[in-house]
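Student: Could we go through this structure together? I would like to begin with a single residue and then widen the view.

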Amino acid sequence: MAAVPSASANLSETVIVPPLYEPLIDTNRVNLAKLRKDLQDCRGQAAPQEAAARHAAQQESTGATIQAVGAIASFIPVPGFRQAHILAGASNAVQNVGAATSGNAAETKERAMEDYVLVVNACLENRRYRLLRS
């Protein structure tokens, strides 16, 4: 599990985040302590891909939030036709930006996750572990 600095006022706090991927390894005749250490090392090698996947997931969530805010804004009552027309245009624009942001981030996240899994699996295979699913 990765330790990530907390966003709270106390910067010395760290939050343990679960791994993005748990490889399925044949543990028959395997030293489990060595496996844990090797897996940690392999995840360290894949840290750039993990960071990219986590960042893209955050962007995807932000895009979905922006899209929802745009949809909610379309229900704001306004006094006149002109204001309603302006609000509708702005609301649609915000929804489109949110959808585009979310969609692009989803593609980036998927690519980064595939790369992360590839790096972790290749590292473990190079250390002679037998992966049951790749």
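**A cysteine and its partner**

Tutor: Let us begin with C42, which counts as buried because its relative accessibility is 0%. Please keep in mind that this is a predicted model.

Student: What does C42 join to in a disulfide?

Tutor: The partner of C42 is C123, and the S to S distance is 2.1 Å. The structure holds one disulfide.

Student: Which parts does that pair tie together?

Tutor: C42 lies in helix 1, residues 32-45, while C123 lies in helix 3, residues 81-126, so the bond ties together parts that are 81 residues apart in sequence.

Student: Is C123 buried or exposed?

Tutor: C123 has a relative accessibility of 6%, so this cysteine counts as buried. For C42, the value is 0%.

Student: And is the disulfide left-handed or right-handed?

Tutor: The disulfide is left-handed, because the torsion about the S-S bond of C42 and C123 is about -70°.

Student: Let me step back to the chain. How many helices and strands are there?

Tutor: The chain has three helices and two strands. Read from the N terminus, the order is β-β-α-α-α.

Student: How does the radius of gyration of the chain stand against that of a compact globule?

Tutor: The chain has a radius of gyration of 22 Å, whereas a compact globule of 134 residues would be near 14 Å. The C-alpha trace spans about 75 × 35 × 20 Å along its principal axes.

Student: What percentage of the residues count as buried?

Tutor: Of the 134 residues, 22% count as buried. The accessible surface of the chain comes to about 9100 Å², and carbon and sulfur atoms contribute 58% of that surface.

Student: Among contacts with a separation of 6 or more, what share comes from residues 24 or more positions apart?

Tutor: Such pairs account for 69% of those contacts.

Student: How far is G70 from A93?

Tutor: Their C-alpha atoms are 7.8 Å apart in space, and the two residues are 23 positions apart in sequence.

Student: Is G70 buried or exposed?

Tutor: G70 has a relative accessible area of 1%, so this glycine is buried.

Student: Changing topic to the backbone: which residues have a positive phi without being a glycine?

Tutor: R29 is one of them, with a phi of about 60°. R128 is another, with a phi of about 70°.

Student: Where is the place of R29?

Tutor: R29 is in the loop between strand 2, residues 14-17, and helix 1. Its relative accessible area is 82%, so R29 is exposed.

Student: And where is R128?

Tutor: R128 is in the segment after helix 3. With a relative accessible area of 77%, R128 is exposed.

Terms used:
Residues numbered from 1 in each chain as written. Predicted model: local features only at pLDDT ≥ 70, side-chain atom pairs only at ≥ 80, totals over all residues. Heavy atoms only, no water. Helix = DSSP H or I, 4+ residues; strand = E, 2+ residues; numbered from the N terminus. Rg over C-alpha atoms; globule rule 2.2 N^0.38 Å. Buried < 20%, exposed > 50% of the residue type's maximum accessible area, 1.4 Å probe, protein only. Contact = heavy atoms within 4.5 Å. Areas by Shrake-Rupley, 256 points an atom, 1.4 Å probe, with all protein chains shown as cover. Disulfide = S-S within 2.5 Å.
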